[in-house]
Number of protein chains: 2
Amino acid sequence: MAQKVLVTGGGGYIGSHCVVELIEAGFCPVVIDNFSNAVQGERDVPESLQRIEKILDTSIEFYELDLLDRTGLEKLFKQHSFSAVMHFAGLKAVGESVEQPLRYYRVNLTATMNLLEVMQTHGVRNLVFSSSATVYGDPQRLPIDEQHPVGGCTNPYGKTKYFIEEMIMDQCKAEKVLIVIDFTLCAVALSSLTQVAIGRRKHLNVFGNDYDTIDGTGVRDYIHVVDLAKGHIAALKKLKDNCGCKVYNLGTGTGYSVLQMVKAMEKASGKEIMYLIAPRRGGDVASCYADPLLAEKELGWKADFDLERMCEDLWRWQSKNPTGFTKNSPFSI
Amino acid sequence: MAQKVLVTGGGGYIGSHCVVELIEAGFCPVVIDNFSNAVQGERDVPESLQRIEKILDTSIEFYELDLLDRTGLEKLFKQHSFSAVMHFAGLKAVGESVEQPLRYYRVNLTATMNLLEVMQTHGVRNLVFSSSATVYGDPQRLPIDEQHPVGGCTNPYGKTKYFIEEMIMDQCKAEKVLIVIDFTLCAVALSSLTQVAIGRRKHLNVFGNDYDTIDGTGVRDYIHVVDLAKGHIAALKKLKDNCGCKVYNLGTGTGYSVLQMVKAMEKASGKEIMYLIAPRRGGDVASCYADPLLAEKELGWKADFDLERMCEDLWRWQSKNPTGFTKNSPFSI
């Protein structure tokens, strides 16, 4: 029988792509989501999952559940025998986290504490946690490998990711929970680009063109969401090796500047993308890209899709879904 | 009318000494404690507070309340109009935190999140949080001033203090809550010494004698608890200046080695203190002492009591209270 894997936040951007890859890899995903990114009134299976069900001609077990609902979570773990958990749920808007820090700490930290406690109670010891490159702060060296110091996060969102990593690592030491931490680098940063290409936004704001980079604009590790999802599944499979608590950076290893991305998206879409140079934003770093060699060596994973394909796929999706799934979908942030 | 100040963990070692200083400074302390350090069955006003009531011939408003009890906390804030909160409550055993990390994160973080949320709801904007020198990790320079980098904590207890500081600072930025963070350096580290002097322990374990210090043993900033309590009151008074979020290191500025403390305690007690050299413990640093100049300049506070007086007072207390208040009192850790 297929192993049941709980996917928290499985209705979201990376989560739903992981659900696809889980099904294709022979796992049985059980998805929970609290609709916190959904439009008012939408209280059904997320559209992302409905589409997956249609495309793969299958049904996905889905529960509307908030990780802050400890009782509901206990009930879920009593109903199902999970072999592992993939944890994507959480608030994720950097700017909002600065305005409402307590809400971010409460939601992201308490959700994870509830999850870890209920996992411990039910003897579920396998976890893949989706973290963020923001935990590395301002990079001290590039590319960023897994030995790079963590901390120095400049906003509460980033701090919650960092604090959660620390919690998980401490829990791992004490309870020998097997954990893999993935780092998702700028997975959804391309959304503004496609919005301009499709005409929903007039122009792109480029924050700073005086960084010490190839053309002065910020350099990031843009990765295809399918690659990212496959990396998470590779991490999940690694858990069977009794690997302890390990961190893997999931990135392409190549950094592209904002202006390079503009050109690539212009090519893929055949549209001109207008941009305005705006001042630097506080907390933004000049360059950030992963050293993905450890993931390749130990997980047998590397990003397959190149920049061209990434832009083509994003353009295809955005032109077919001009308003995204919902008003707060990752493509309209 | 005297300003009401909520003291969380006010039955504990530093908390109860602060209650004394609050009363003497004309404030009206309202104390909560959850008895988490109390012996089984003890469900009355803590002995520490009963003694204060007797000595000062006054009565102290005390509630048995756990900060995890959100409803009870809401009720308390509805009953009272607090001008400020002094937050001492929390689990504090380093070794235990390594064994039970989730419990430490749950209790210390959730307690503080509850407190900050309820303070926000009720418009209470003044907080003095008692942190720990452990947030500085392995000191990069000595003495440690308030600009010293934080993080690099080696145990979950220390991380909870560090995370709470970050939460409070973020909350302060967003809500203009006025906050002072105090750093208590090794306030209760002398307990083992007095236990040996009084004969309750056979010998003192000295962990490591090959550090780069005056005699190879660890150097710490030992401070009289009354000085520490007075420093907290000075911080509380500072809040009226609309000072924003500030950090003050409360220490003497002088470091003494373990063997120097042994000699000082031998002198104060007239007893020989046997000690054994044990291997270094993981996470211990060679030297750690504060630069207290900022506190002197901005709070008008400095430690008054010298090493001799500190040892004399500790010896007097311990010889009159050989088993401490309770089995888990700070003097029997």
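In which hand, left or right, does H3(B) cross H5(B)? The model is predicted, so local features need pLDDT of at least 70 and side-chain atom pairs pLDDT 80 or more, while totals for chains, interfaces and linings use all residues. Residues are numbered from 1 along each chain, chains are lettered from A in the order written, and side-chain values use heavy atoms, without hydrogens or water.

The crossing of H3(B) and H5(B) is right-handed (the near helix is turned clockwise from the far one by less than a right angle). Helix H3 spans residues 70-79 of chain B. The two helices pack at an angle of about 35°, with axes 10 Å apart (lines fitted to C-alpha atoms over the stretch in contact, angles running from 0 to 180 degrees between N-to-C directions). H3(B) contributes B:Arg70, B:Leu73, B:Glu74 and B:Phe77 to the contact (heavy atoms within 4.5 Å). H5(B) contributes B:Asn114, B:Leu115, B:Glu117, B:Val118 and B:Met119.

Between the chains, 23 residues of chain B touch 23 residues of chain A. The two chains bury about 2,100 Å² (accessible area lost on being put together, 1.4 Å probe, summed over both). Carbon and sulfur atoms account for 62% of that area. Six salt bridges span the interface (side-chain nitrogen of Lys or Arg within 4 Å of a carboxyl oxygen of Asp or Glu). A:Lys159 and B:Glu166 form a salt bridge at 2.8 Å, N to O. On chain B, helices H4 (94-99), H5 (101-121) and H6 (156-175) each give two or more residues to the side touching chain A (helices are DSSP runs, H or I, of at least four residues, numbered from the N terminus). H5(B) gives the most, with 11 residues.
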